[in-house]
Amino acid sequence: MSYVKWTFIIVFWGLVAGFLHYTLPQHDVARITDTYEKRVDPGENSWFWAQPDVGSDGTMLSRDVFFIQTRRADDSVMVYRNEDTGWGWPPYFKFDTSNLQAEAADLRSTAGTPQWVVIRHYGWRNELISIFPNAISVRPVEGPDVTIIPWINIVILTVLAALFWAIWVRWRRFREARIDPTLENVGDRIDDGGSRLRNWFGRKT
């Protein structure tokens, strides 16, 4: 029973952590090397693509998607998609995809004269199933060593921790006041019933 309990707890919190890591904003310091537009036909990975841009035909899966190519300070390459989130999930309310693409194109630079930027995004990059993080904003910074404090993540995680703590405290009090006494009474009744059965069989023998 303990094994099943801890397996459930680990799986549950693993799913919660994965959901938060995918959804909450992340920041990368990088140099934009190129921007382009590509026709995309989402298939089994359609969950990891946003819906079509606001105002377009939402019934068509195949669509043109903006991409931003970058090279980070550690010389690794990262490619971001640039799609509207609209009124859907995650609730970034992003409607300025075309403007962001123009800003990213204007901030392109070379290794000889780098222009470093902070790209705020959500999502994951997975080459196997062709998913890309979605860029939310781009802004120039002085250099690759700039410190980014994720204030939004800190606030959200603090609120969620306080909420889970409040729920757990109330559940523990409810269990101690209602569930545990009920289980103890059931256990006592089972013990009494077992004693009576043993006494009854003892008299019969």
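Which residues line the largest pocket?

## The largest pocket

In this predicted model, the lining consists of Phe 8, Ile 9, Phe 12, Trp 13, Phe 164, Ile 167, Trp 168 and Trp 171. The volume of the largest pocket is about 270 Å³.

Two helices, α1 (2–23) and α3 (151–204), each contribute at least two residues to the lining. By class, the lining has eight nonpolar residues, no polar ones and no charged ones.

## Overall fold

The protein chain contains three helices and five strands. Their order along the sequence is α-β-β-β-α-β-β-α.

Of contacts with a separation of 6 or more, 67% join residues 24 or more positions apart. Among the 205 residues of the chain, 29% count as buried. The accessible surface is about 14200 Å². Carbon and sulfur atoms account for 61% of that surface.

In soluble globular proteins, nonpolar side chains tend to be buried together. Here the largest nonpolar core has eleven residues: Ile 32, Ile 68, Met 78, Tyr 80, Leu 100, Ala 104, Leu 107, Val 117, Ile 119, Ala 135 and Val 138. Two or more of its residues come from each of β3 (77–82), α2 (97–106), β4 (116–122) and β5 (134–140). Another core lies apart from it, with six residues, including Val 40, Trp 49, Val 65 and Phe 67.

## Around Ala 135

Ala 135 belongs to the largest nonpolar core. Neighbours within four places in sequence aside, Ala 135 contacts the core members Ile 68, Tyr 80, Leu 100 and Ile 119. Its contacts also include Arg 81, Asn 82, Lys 94, Arg 120 and His 121.

Terms used:
Residues numbered from 1 in each chain as written. Predicted model: local features only at pLDDT ≥ 70, side-chain atom pairs only at ≥ 80, totals over all residues. Heavy atoms only, no water. 1 Å grid on protein atoms, 1.4 Å probe; cavity = no way out; pocket = protein on both sides within 12 Å on 5 of 7 lines; lining within 4 Å. Points joined across faces, edges and corners; volume = space filled by probe spheres on them. Helix = DSSP H or I, 4+ residues; strand = E, 2+ residues; numbered from the N terminus. Nonpolar A, V, L, I, M, F, W, Y, C, P; charged D, E, K, R; others polar. Core = buried A, V, L, I, M, F, W, Y, C linked by side-chain atoms within 4.5 Å. Buried < 20%, exposed > 50% of the residue type's maximum accessible area, 1.4 Å probe, protein only. Contact = heavy atoms within 4.5 Å. Areas by Shrake-Rupley, 256 points an atom, 1.4 Å probe, with all protein chains shown as cover.
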